[in-house]
Amino acid sequence: MNAALKYDFRSDTVTRPSPGMRQAMAEAEVGDDVLGDDPTVKRLEARLADLLGKEAALFVPSGTQSNLIALMAHCGRGDEYIVGQQAHCYRWEGGGAAVLGSIQPQPLENQPDGTLSLEQIEKSIKPDDPHFARTRLLALENTIGGTVLPMEYVEAATTLARRHGLGCHLDGARVFNASVALGLPVGTLARPFDTVSVCLSKGLGTPVGSVLIGSAELIAKGRRLRKMLGGGLRQVGILAAAGLYALEHNVERLAEDHANAKALAQGLSQMPGLKVVAPPDTNIVFIDVPPQYAGAFAQHLERHGIAVTSSYGATRQRWVTHLDVDRHAVDAALGAAADFFSNQA
Ligand SMILES: Cc1ncc(COP(=O)(O)O)c(C=O)c1O
């Protein structure tokens, strides 16, 4: 992005570590984590395992690697996982499960609320027959596109999966957003799953890192896979310290991001022709811009130092609120948008 960028709504991944976080990183006690002796990584892993109510956890460099490790821990060569067409681990991760794990995806259309139809899940589970790949896993995502999956749905989908002997993985890159939005402990949201991938570098505001949390058996497999995939890092307590800092300081405050997203959606919905796709549950707002304005509106925002993601089709924009865009940024963005539309005939 250019130097004139003032308000960056592209993603919650753009946050920079705060002074307090940088200090915690500078002071972190470290060791060689591949040899299993980085005390700060161990503390972070234990803390997240405890918060999510699981036996073990594994610090990894990215959400993409965390999901891949989970898929490969659950599924072997020629196995299959059921997943949404819009799920990050299917659509946005370079097909890693197929390329590196020889795992076949069985994608299903996401419904408008982000869920997968229970009927379609059940229909897509293959019988035990040499013609078919072995269906092994159901992978859900919460939040998905910023939308919180209803708890009853998660219970129903995972119960169905288990009835057929499938494992259950959650891409919980933003599961803390879901937890804060629902007012439920993150452990409640994690309970129906064998593995949960949590990103520290999104709403929680760290520079790098994700953690895969699950049963001792799956995480032990995951540790081997992490090494194989090149994700074993050495004095990585420096990054784990940022994660511990984030868990202490940046979880409850996600509610501010959600309130800012609501204010943003409310304000944008007042602009002539702009359509907010759905009121935001958390920190992500999608809007549809009329085709005749789409290009000019995006350029106008850019000229005012406001960045959004416009790669969701020519007329759809994604705005994401986070630690580094406060209410003032929201008001400034709404002011710039109002300015644009007041100049249209
Ligand atoms: C839902 C979801 N899962 C996983 C990831 C992957 O995370 P990373 O960018 O750390 O690989 C992202 C990244 O945006 C995401 O939005």
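## Aromatic pairs, a ligand shell and a buried serine

Tyr293 is buried, as is Phe340, where buried means under 20% relative accessible area, exposed means over 50% and partly exposed lies in between (1.4 Å probe, protein chains only). The model is a predicted one, in which local features need pLDDT of at least 70, side-chain atom pairs count only at pLDDT 80 or more, and totals for chains, interfaces and linings use all residues. Residues are numbered from 1 along each chain as its sequence is written, and side-chain values use heavy atoms, with hydrogens and water left out.

A pair of aromatic rings is described by the distance of the centres and the angle of the planes. Rings of Phe, Tyr and Trp (its six-membered ring) pair if their centres lie within 6.5 Å, and planes under 30 degrees apart count as stacked, over 60 as edge-to-face and the rest as tilted. By this rule the count comes to six aromatic pairs. In one of them, the ring centres of Tyr293 and Phe340 are 6.1 Å apart and the planes stand at 90°, so this pair is edge-to-face. Tyr293 belongs to helix H13 (residues 291–303) and Phe340 to helix H14 (residues 327–342), so the pair ties together parts that are 47 residues apart in sequence; helices (H or I, at least four residues) and strands (E, at least two) are DSSP runs, numbered from the N terminus. Phe297 and Phe340 form a tilted pair, with 5.2 Å from centre to centre and 50° between the planes, and this pair links helix H13 with helix H14 across 43 residues. Tyr293, Phe297, Phe340 and Phe341 form one aromatic cluster.

The ligand is surrounded by residues that include Ser62, Asn67, His88 and Lys202, each having a heavy atom within 4 Å of it. Helix H3 (residues 63–74) gives the most to this shell, with three residues.

| Residue | Its N or O atom | Distance to a ligand oxygen atom |
|---|---|---|
| Gly63 | backbone | 2.8 Å |
| Thr64 | side chain | 2.6 Å |
| Arg174 | side chain | 2.9 Å |

Ser197, placed in strand E7 (residues 195–199), is buried, with a relative accessible area of 0%. Leaving aside neighbours within four places in sequence, Ser197 is in contact (heavy atoms within 4.5 Å) with residues including Gly63, Asn67, Asp171 and Ala173.

Technical notes
Polar contact = N/O pair within 3.5 Å; in protein donor to acceptor, adjacent residues only side chain to side chain.
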